[in-house]
Amino acid sequence: MSQGIVWKYGDNVNTDVIFPGRYTYQIMPPEEMAKHALEDLDPEFAGSVRPGDVVVAGKNFGCGSSREQAAACLRAAGVQAVVARSFARIYFRNAINLGLAVLQCDEAVDALEKGDAVDLDFARGEIRSVKSTFRFLPLPDSVIGILEAGGLLEYTKKKLAKE
Amino acid sequence: MGKTLTEKVLGRKAGKDVQAGEVITVSPDYVLSHDNSAAIIQEFRKLGVKKVKAPEKIVIVLDHIVPASEEKYAQNHKSIREFVAEQGIPHFFDINAGICHQVLPEQGFALPGKVIVGSDSHTPSYGALGAFATGIGRTETACTWATDEIWLRVPETMRIDLSGRFLAGVFAKDLSLKLIGDHGAEMANYKAVEFAGPAASDLSVGSRLTLANMSAEMGAKNGYFAPDAKTLKWLEGRARGPFVVASSDPDARFESVLTYDLGVLEPQVACPHTVDNVKPVGAVAGKPVDQVLIGTCTNGRLEDLEAAAAIFKGRKVHSGVRCLVIPASWEVYREALKSGTLAVLVDAGCVILNSGCGPCLGAHEGIMAAGEVCLSTSNRNFRGRMGHRDSEIYLASPATAAATAVAGKIADPREFA
């Protein structure tokens, strides 16, 4: 369980505004990617986001190109989860495989606003704020394991080492 | 509550009753990759294991840039061939096979009830034969090679009930574009799309492959047709092994149902620069083009080449147009050669290229210059996809493509009957 501040956006936040195409074919370390996170949507974000913060958005978050950086840059910026009505499917997979939690919860999207403080409890499947407690479908153990390991590559490495 | 085909196929693999929304871990039947296997091999090496877990499940088809057009691609192909030999991967198709999404059905990998994942966004194509097939990322392809496991969320299902018959000059591609134009490119995001209704069984396997392929452009996780007598007949002599036929129960839960009458459709064209910017052909007829592409995993099958040849017969490609034709596979190539279809195309002035993805992804064989216009039978028209960012791509059926190549401008195929 950990606490963070909400950053709120609308529907159809596409991968181009999460991580602009002009950087997509440059090879850069994660901390450099973090500097460009949401650059074309919210120029204030990259300079102000703090570890543990939560991005809350509408439907079809992460639509567009399949670039993995669109998930990697938010994670590198310290975002612990994106809460949305829905995710573009390749973004959903890329996010979990790169260690970024992606949670679906309409009620939380309806209620939460920019600057709200929230606690996330992955084990109980809850988003808690002073406004209310919102339930999201708890992530299954296998997915939590991937997130806790920091992504699929690390998760798989550990799993293989045990075998 | 009944189950959808997707719930049944994934449930059998997971060894339990599953329903939409659940996340499960399964061992897939096949894991596809293509030229991007070179990048996947690099990720695989980071995992610290020497051997892939199930080499017989890995299918690698070189198709994106075949033969290699420059040194870096040649190096990629070389590293893939070396990896295939080192790991003892039995299912490897080199540059003389075709596009993976045509090769896997033809070679009997894509079968009813199979779970197939592929590091290519058009992997849903295999749903045409009743498989569950979906695209995945490169990192997870590498991990699946190592573990023989992958997590999947069981998708909700949208059903599209089809009735009626296509009029002359109208094809499965037109239906797919009409659907995406009407409902937007995220119409089926994360969902399964079931093509059903009385007209579904009338559609050829080739047309079903076109629709399942285009379900990726609807945002779908998988798109499919329930296997029927036509499916089973097509698979005779191709299936690599036994398979289990599944279809949706009558009381299965569908998140939504759309209905379309094929008999009222016109030829459709997707205009730059998104696949959902769709208009009837009449609205864009007369737009001059520089290049026409007939082929790709969407529309490079024998019925597509025949539809084009029917229009090219006795006619010539317009002097201002480069018309590129790419049979989707060598099997298609051979059949088109035997049937005389290729002769009609060559006599008309078409340029026949090796089976593969060709210029669809903008890497070789017909890159567009600034200001040029291409009408293509492929599946994406994003800005800059086939070359310069100021080039334009229109998407349409092979018949519309052939009519356009003859006219030198976007044309209605019904005027060339």
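## Exercises on a predicted two-chain model

Let's work through it together.

### Exercise 1: Overall build of chain B

Describe the extent, secondary structure and burial of chain B.

**Solution.** 
- Start with the outline: along the principal axes, the C-alpha atoms of chain B fill a box of roughly 55 × 55 × 40 Å.
- Next, count the elements: chain B holds 14 helices and 18 strands.
- Then turn to burial: 57% of the 417 residues in chain B are buried.
- Finally, look at the contacts in chain B with a separation of 6 or more: 78% of them join residues 24 or more positions apart.

### Exercise 2: The two domains of chain B

Find the domains of chain B and describe how domain 1 meets domain 2.

**Solution.** 
- Begin with the bounds: domain 1 of chain B covers 5-14 + 22-243 + 253-260, and domain 2 covers 268-416.
- The C-alpha centres of these two domains of chain B are 23 Å apart.
- Each side now gets a count: 33 residues of domain 1 of chain B and 33 residues of domain 2 of chain B take part in the contact.
- On the domain 1 side, helices H4 (100-106), H6 (172-183) and H7 (205-214) of chain B each provide at least two residues.
- Of the elements there, H6(B) gives the most, with 6 residues.
- Sort that side of domain 1 of chain B by class, and you get 12 nonpolar, 15 polar and 6 charged residues.

### Exercise 3: Where chain A meets chain B

Work out which helices of chain A supply the side that touches chain B.

**Solution.** 
- First the count: 21 residues of chain A contact 22 residues of chain B.
- At least two residues each come from helix H6 (89-97), helix H8 (141-149) and helix H9 (152-162) of chain A.
- H9(A) gives the most to this side of chain A, with 7 residues.
- By class, the side of chain A that touches chain B comprises 9 nonpolar, 7 polar and 5 charged residues.

### Exercise 4: Helix H11 of chain B

Which residues of H11(B) are buried, and what do they pack against?

**Solution.** 
- List the buried residues: B:Leu302, B:Asp304, B:Leu305, B:Ala307, B:Ala308, B:Ala309, B:Ile311 and B:Phe312.
- That makes 8 of the 11 residues of H11(B), so the helix is largely enclosed by the rest of the structure.
- The packing partners of these buried residues are strand E14 (291-294), helix H10 (296-299), E15, H12, H13 and helix H14 (398-407) of chain B.
- Just after H11(B) comes B:Gly314, with a positive phi of about 75°.

### Exercise 5: Helix H13 of chain B

Why can the buried residues of H13(B) be said to line one face of the helix?

**Solution.** 
- Identify them in H13 (residues 341-348) of chain B: B:Thr341, B:Leu342, B:Val344, B:Leu345 and B:Ala348 are buried.
- Viewed down the axis of H13(B), these residues fall within an arc of 160°, so they line one face.
- Now see what covers them: the cover includes helix H11 (302-312), strand E15 (322-325), helix H12 (330-339) and strand E16 (351-352) of chain B.
- After H13(B) comes B:Gly349, whose phi is positive, near 105°.

### Exercise 6: B:Arg45

Is B:Arg45 buried or exposed?

**Solution.** 
- Locate B:Arg45 in helix H2 (residues 37-45) of chain B.
- B:Arg45 has 12 C-beta neighbours inside 10 Å, so it counts as exposed.
- For a sense of distance, B:Arg45 and B:Pro242 are 34 Å apart in space, C-alpha to C-alpha, and 197 residues apart in sequence.

How values were computed
Residues are numbered from 1 along each chain as its sequence is written. Chains are lettered from A and ligands numbered from 1 in the order in which they are written. This is a predicted model: local features need pLDDT of at least 70, side-chain atom pairs count only at pLDDT 80 or more; totals for chains, interfaces and linings use all residues. Domain bounds come from an automatic or database domain assignment. Two residues are in contact if their C-beta atoms, placed from the backbone, lie within 7 Å. Helices (H or I, at least four residues) and strands (E, at least two) are DSSP runs, numbered from the N terminus. Ala, Val, Leu, Ile, Met, Phe, Trp, Tyr, Cys and Pro count as nonpolar, Asp, Glu, Lys and Arg as charged, and the others, Gly among them, as polar. A residue is buried if 20 or more other C-beta atoms lie within 10 Å of its own, exposed if 12 or fewer, and partly exposed in between; C-beta atoms are placed from the backbone. The arc is that of the directions from the helix axis to the C-beta atoms.
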